[in-house]
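Thanks, everyone, for making the time this morning. I would like to walk through one model with you, going from the whole chain to a few local details.

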Amino acid sequence: MYSFTNQFSGPTLHQRVGMINSRRSGPWAWWRYALWVVLMGCIVLACQHEVREHVYIPGETRKSKTLAATSPTRARVVELEDKKTWYRHLALFENKIGTAVVRSKPIILCLKADHFVLPDDYKYESAIYIDGEEASVEDLEKLSPEFVSELFVMHQWENMPDADKQAKPYQILIQTSSRPVIFNERRKQFFTLLQAAALSKHPLGETFSFNMNQLLEATFFHDKNALVERTKNEHLRIYDECTGTTEVFINNLPATPADVKTVHVREVARLYTKERPYDEWFRADYPSPRFELHIETTPKRAKRDTSHYVFSPFYTGDF
């Protein structure tokens, strides 16, 4: 009876008496606890590191660290950042820790044959400064990454009240070196990104989604972000230039480009496309397919008698 109502009865009491009479732990036991605390502290410190690379998304709050104006290029960067309407859109520079990289979408500067190239879309939107002096697109294209010590692409928030309406939205600022600059791992990654940008408008990766109406419109206007076009018999086919670099899934099952040709455009419930980041496909060793194509179908939809009427800002009528 008492064993159910008194917590000090039975074996529990004997155990407590035994613990009271047992020998105290020696100094080594306390050292073990101290060693455990030190070890846990080291693990916490090891897990803390500074993120030196960031993909900027417009509208995101950004903390910028002021540079020391030790060169004409840096002085101009500081001048722009002091206006509070400019931010580092793309950058390669040195700080106390080492080489720092900033990346943002879109990548407006490319590398072809070891020389800089400014795409046509950004030639009239960009001002170029080399060693603090205004330069031309031709001057930029003569530069080689080997002689670039630091590079900044500054972008202005054009919708801010204090934005300079007369300034071009991008400023490309480059500080050169009289001697070749040693390429560390981060410099290699940065300039590899610019090489990939010469092949892709989305080297950092991008995804797109289309319902049936949107896909009808995309294939009508040959939007290659959909990765597919429409054939004469209203079926789909992957663009020739994407066939060998696209991983295909139909209703979540692996498929082939030939399987895509069996899908009628009207039985598509949803189509997703993805371009993987450049570091997955722009590599010599074991590259991944550059694109992913996912198609979800509703087979009965293609068999209905009535056609589908589509309205868009570009086209109104029956596809």
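This is a predicted model: local features need pLDDT of at least 70, side-chain atom pairs count only at pLDDT 80 or more; totals for chains, interfaces and linings use all residues.

Residues are numbered from 1 along each chain as its sequence is written, and side-chain values use heavy atoms, with hydrogens and water left out.

The chain has eleven helices and 18 strands, where helices (H or I, at least four residues) and strands (E, at least two) are DSSP runs numbered from the N terminus. Of its 319 residues, 36% count as buried; buried here means under 20% relative accessible area, exposed means over 50%, and partly exposed is what lies in between, with a 1.4 Å probe and protein chains only. The chain exposes about 20,300 Å², of which carbon and sulfur atoms supply 56%, the areas coming from the Shrake-Rupley method with a 1.4 Å probe, and for residues only the protein chains shown count as cover. If we take contacts (heavy atoms within 4.5 Å) between residues at least 6 apart in sequence, 66% of them join residues at least 24 apart.

Let me move to the aromatic rings. A search of the whole structure finds eight aromatic pairs; the rings considered are those of Phe, Tyr and Trp (its six-membered ring), they pair if their centres lie within 6.5 Å, and planes under 30 degrees apart count as stacked, over 60 as edge-to-face and the rest as tilted. One of these is F183 with F191, whose ring centres are 5.5 Å apart and whose planes meet at 35°, so the pair is tilted.

Returning to F183, ring pairs link F116, F183, F190 and F191 into a cluster.

What lies 90 residues away from F190 in sequence, yet 9.8 Å away in space, C-alpha to C-alpha? That is A100, which is found in strand 3, residues 99-104, and is buried at 4% relative accessible area. T99 is in strand 3 as well and is buried at 5%, and a polar contact of 2.8 Å joins its side chain to that of E94. A polar contact, for the record, is a pair of N or O atoms within 3.5 Å; within protein, one must be able to donate a hydrogen and the other to accept it, and residues adjacent in sequence count only if both atoms are side-chain atoms.

Some backbone details deserve a look in the loops. The peptide bond from K105 to P106 is cis, with omega near -5°, and P106 is placed in the loop between strand 3 and strand 4 (110-112). A113, which is not a glycine, has a positive phi of about 55°; it lies in the loop between strand 4 and strand 5 (115-117) and is exposed at 73%. D131, also not a glycine, has a positive phi of about 55°; its loop runs between strand 6 (126-130) and strand 7 (133-135), and D131 is partly exposed at 29%.

Now to helix 4, residues 72-82, in which T73, R74, R76, V77, V78, L80 and E81 are buried. These buried residues pack against strand 2 (86-94), strand 6, strand 8 (148-156) and strand 9 (170-176). Helix 4 is followed by K84, whose phi is positive, near 70°.

Finally, the cysteines: a search of the whole structure finds zero disulfides, a disulfide being a pair of cysteine sulfur atoms within 2.5 Å. C110 is buried at 5% relative accessible area, and C242 is buried at 8%.
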